[in-house]
Amino acid sequence: MSFPAVPQITLRNGTIEPVAIPQIGLGTARIGVDETQKLVRTAFELGYRFIDTAASYENEVGVGRGFRDSGLARADVFISTKLRGSEQGLDAAKKALDASLERLGLEYVDLYLIHWPLPRVGKYIESWNAMEELLAAGKARAIGVSNFMAEHLDRLAQHSSTTPAVNQIELHPREQQQFQRADNARRGIVTQAWSPLGNAGDLLHEPALLTVAQKHGRSPAQIVLRWHIQQGIVTFPKASSQERLAQNLDVFDFELDEGDLTAIAGLETGWRVNGQDPRVYEEF
Ligand SMILES: NC(=O)c1ccc[n+]([C@@H]2O[C@H](COP(=O)([O-])OP(=O)(O)OC[C@H]3O[C@@H](n4cnc5c(N)ncnc54)[C@H](OP(=O)(O)O)[C@@H]3O)[C@@H](O)[C@H]2O)c1
């Protein structure tokens, strides 16, 4: 399997063979089925090989159609989806992946994630045990979690011998997640960044970022994506136009120096896109 121009990161994957994931993909939250289909096809044409979706985005059908439109081979793309809150539990999670595969029109996903821990509901251990079975059955090539904190990962480790391959968390220069990134790394878990651009917003107009962007002759979004890449993070910005899709993939031929990294480190405020705290946030 090869992903032109985009570096890959190896996911540790229980007893199953390691899996390579491209470091940049396309995010698809809050996009309808038809738009997703077009966007996925365009992204694949531009050289993207990794798509992040979720059952709760209700656009898996569009991801599958976009993939088939592209004419690419199944082995040459990496497709990731997530278990929604209402389908947590041992049996429910297994049925949920079957339903996702049906909507995607695929026989397996490359990565399956528990979308949120939902500690009050208390089913993430059962759900994880279901994911382990799905991994063994070959319905997912790798399994992981999203929005898990150290306390949730500790509980998983007490009840399972399979370490999540990834932990997908909110991560951008406003919320740099130093603690959780180090905690993931210590456990051998790859960190994925969601809302890598801070969902655009004021971050991309930040004067310190504009200065670094000007110095490199790049856009502020490219500087932020390069910042993720240099730290070994896997990410998937969402963009609507061909121009932005192309721009977001074009971050592999320049390097941020120590001064640039220090300037970006100074942008941390603890702000979160929707103020979602995984200890209490719930969505189903
Ligand atoms: N696991 C979770 O709980 C979770 C939660 C949220 C998101 N996610 C995933 O993470 C993905 C990305 O996060 P996100 O969509 O929330 O936010 P994001 O990728 O940080 O930002 C997307 C916004 O940035 C704009 N943008 C993209 N490229 C740009 C560029 N080069 N220059 C200027 N603006 C640019 C987009 O505008 P246009 O669209 O107008 O181009 C869009 O408004 C999601 O799509 C989803 O797959 C996961």
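The second largest pocket in this predicted model has a volume of about 200 Å³, and the largest pocket has one of about 780 Å³. The ligand takes up the space of the largest pocket. Residue numbers start from 1 along each chain as its sequence is written. Local features need pLDDT of at least 70 and side-chain atom pairs count only at pLDDT 80 or more, while totals for chains, interfaces and linings use all residues; side-chain values use heavy atoms, leaving out hydrogens and water.

**The second largest pocket**

- A pocket is found on a 1 Å grid over the protein atoms alone, as an open set of points where a 1.4 Å probe fits, with protein on both sides within 12 Å along at least five of seven lines; lining residues have an atom within 4 Å of a point.
- The lining here has 14 residues, and Met149, Gln177, Gln180, Arg272 and Pro278 lie nearest the centre.
- Both β8 (166-170) and α6 (178-187) supply at least two lining residues each, and α6 has the largest share with three.
- By class, this lining has six nonpolar, four polar and four charged residues.

**The largest pocket**

- The volume of about 780 Å³ is the space filled by probe spheres set on the grid points, which are joined across faces, edges and corners.
- Of its 35 lining residues, Ala29, Arg30, Ser195, Asn199 and Lys238 are closest to the centre.
- At least two lining residues come from each of α8 (220-230) and α9, with α9 giving the most, three residues.
- Sorted by class, the lining has 15 nonpolar, 15 polar and five charged residues.

**Around the ligand**

- There are 29 residues around the ligand, and Asp52, Ser195, Leu197, Lys238 and Ser240 come nearest; to be near, a residue needs a heavy atom within 4 Å.
- Helix α9 (residues 242-249) gives the most to this shell, with three residues; helices are DSSP runs (H or I, at least four residues) and strands are runs of E (at least two), numbered from the N terminus.
- This shell has twelve nonpolar, twelve polar and five charged residues.

- A polar contact is a pair of N or O atoms within 3.5 Å.
- A ligand oxygen atom is 2.6 Å from an N or O atom in the side chain of Lys238.
- Polar backbone atoms also take part: one of Leu197 is 2.8 Å from a ligand oxygen, and one of Gly198 is 3.4 Å from a ligand oxygen.
- The protein covers 88% of the 910 Å² of accessible area that the ligand has on its own, by the Shrake-Rupley method with a 1.4 Å probe.

Definitions and conventions: A polar contact is a pair of N or O atoms within 3.5 Å; within protein, one must be able to donate a hydrogen and the other to accept it, and residues adjacent in sequence count only if both atoms are side-chain atoms. A molecule sits in a cavity or pocket if more than half of its atoms lie within 2 Å of its grid points. Ala, Val, Leu, Ile, Met, Phe, Trp, Tyr, Cys and Pro count as nonpolar, Asp, Glu, Lys and Arg as charged, and the others, Gly among them, as polar.
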